[in-house]
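Q: Please examine the fold, the core and the charged pairs of the following chain, and set each label against its cut-off.

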Amino acid sequence: FVRNVSLNELEYAKLNSAYSGDMLEYKITFENRGNAPADYVSIYDSLPANVALDPTSSAILSMNGVEQSIAEQITSGYTIKTIMPGDKGYIRFRALTSIGLAEGERLTNNGFLSDHGVVITASAQTIIKQRVIKASATPATPSKSLPTTGPEAGIAISGIISLIGALNMAYLKQKRSLYRVATSIKAI
């Protein structure tokens, strides 16, 4: 079974969907329906292309409601020493889908259980969906306009500098004129 952790799916299913780059969680269930113990049962998984085990989480083994982490990589296999009649459980683990998967691509995961040469297999599929980015109905308005740059800004700055220069020249002429008047008054 599979569920999409990235989309917060709670239930496991045989078929689900995901976006490129999503985290999936696979679950391989088992039960001894016979009347004798099953010894050295090997459980392993064959991940689809473009899917890799999540290196940040370990696989979980649950037997009769008790969960424990297992260090082994499920793709290499995990061996349960004995499954008593009526015992049941599961192994669950997480995997990441690759970025850049095409819409409609089917990722088929296969889980296997092997007991003394008898192999039971089951699969779950994930169909890749295309992300849809919705355009905003109203255009975004800038919060602050940027200062003008380029030739127009250069002309404005030149104009301001010229105006300051002209005012400075007028001030100096006025100051000289007042100085002449003051010196002529002293001379009288």
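A: Residues 24 or more positions apart account for 66% of the contacts in the chain with a separation of 6 or more, a contact being heavy atoms within 4.5 Å. This is a predicted model, in which local features need pLDDT of at least 70 and side-chain atom pairs count only at pLDDT 80 or more, while totals for chains, interfaces and linings use all residues. Residues are numbered from 1 along each chain as its sequence is written, and side-chain values use heavy atoms, with hydrogens and water left out.

Q: What makes up the chain in terms of helices and strands?
A: The chain has one helix and 11 strands, where helices (H or I, at least four residues) and strands (E, at least two) are DSSP runs numbered from the N terminus. Their order from the N terminus is β-β-β-β-β-β-β-β-β-β-β-α.

Q: What share of the residues counts as buried?
A: Of the 188 residues, 29% count as buried; the term means under 20% relative accessible area, with exposed over 50% and partly exposed in between (1.4 Å probe, protein chains only).

Q: Which residues touch the most other members of the largest nonpolar core?
A: They are Tyr26, Phe30, Ile43, Leu61, Ile80, Ile91 and Phe93, in a core of 27 residues. Such a core is a set of buried Ala, Val, Leu, Ile, Met, Phe, Trp, Tyr and Cys residues joined through side-chain atoms within 4.5 Å. Two or more residues each come from β3 (23–31), β4 (38–46), β6 (59–63), β8 (78–83), β9 (88–97), β10 (106–115) and β11 (118–129). The most, four residues, come from β3. Leaving aside neighbours within four places in sequence, the contacts of Ile91 include Tyr26, Phe30, Ile43 and Leu61.

Q: Why is the pair of Arg131 and Asp22 called a salt bridge?
A: The closest N and O atoms of Arg131 and Asp22 are 3.4 Å apart, and the term requires a side-chain nitrogen of Lys or Arg within 4 Å of a carboxyl oxygen of Asp or Glu; the pair therefore qualifies. Arg131 lies in the loop between β11 and α1 (151–187), and Asp22 in the loop between β2 (15–19) and β3, 109 residues apart. Asp22 is called buried because its relative accessible area is 4%. By the salt-bridge rule the count comes to six.

Q: How do you know that Glu31 is partly exposed but Arg33 exposed?
A: Glu31 has 42% relative accessibility and so counts as partly exposed, whereas Arg33, at 75%, is exposed. These two residues form a salt bridge, with their closest N and O atoms 3.6 Å apart.

Q: Which network of salt bridges includes Glu67 and Arg92?
A: The network links Arg3, Glu25, Glu67, Arg92 and Arg94. Within it, the side chains of Glu67 and Arg92 meet at 3.2 Å, N to O. Glu67 is in strand β7 (residues 66–70) and Arg92 in strand β9, 25 residues apart. Glu67 counts as partly exposed because its relative accessibility is 40%.
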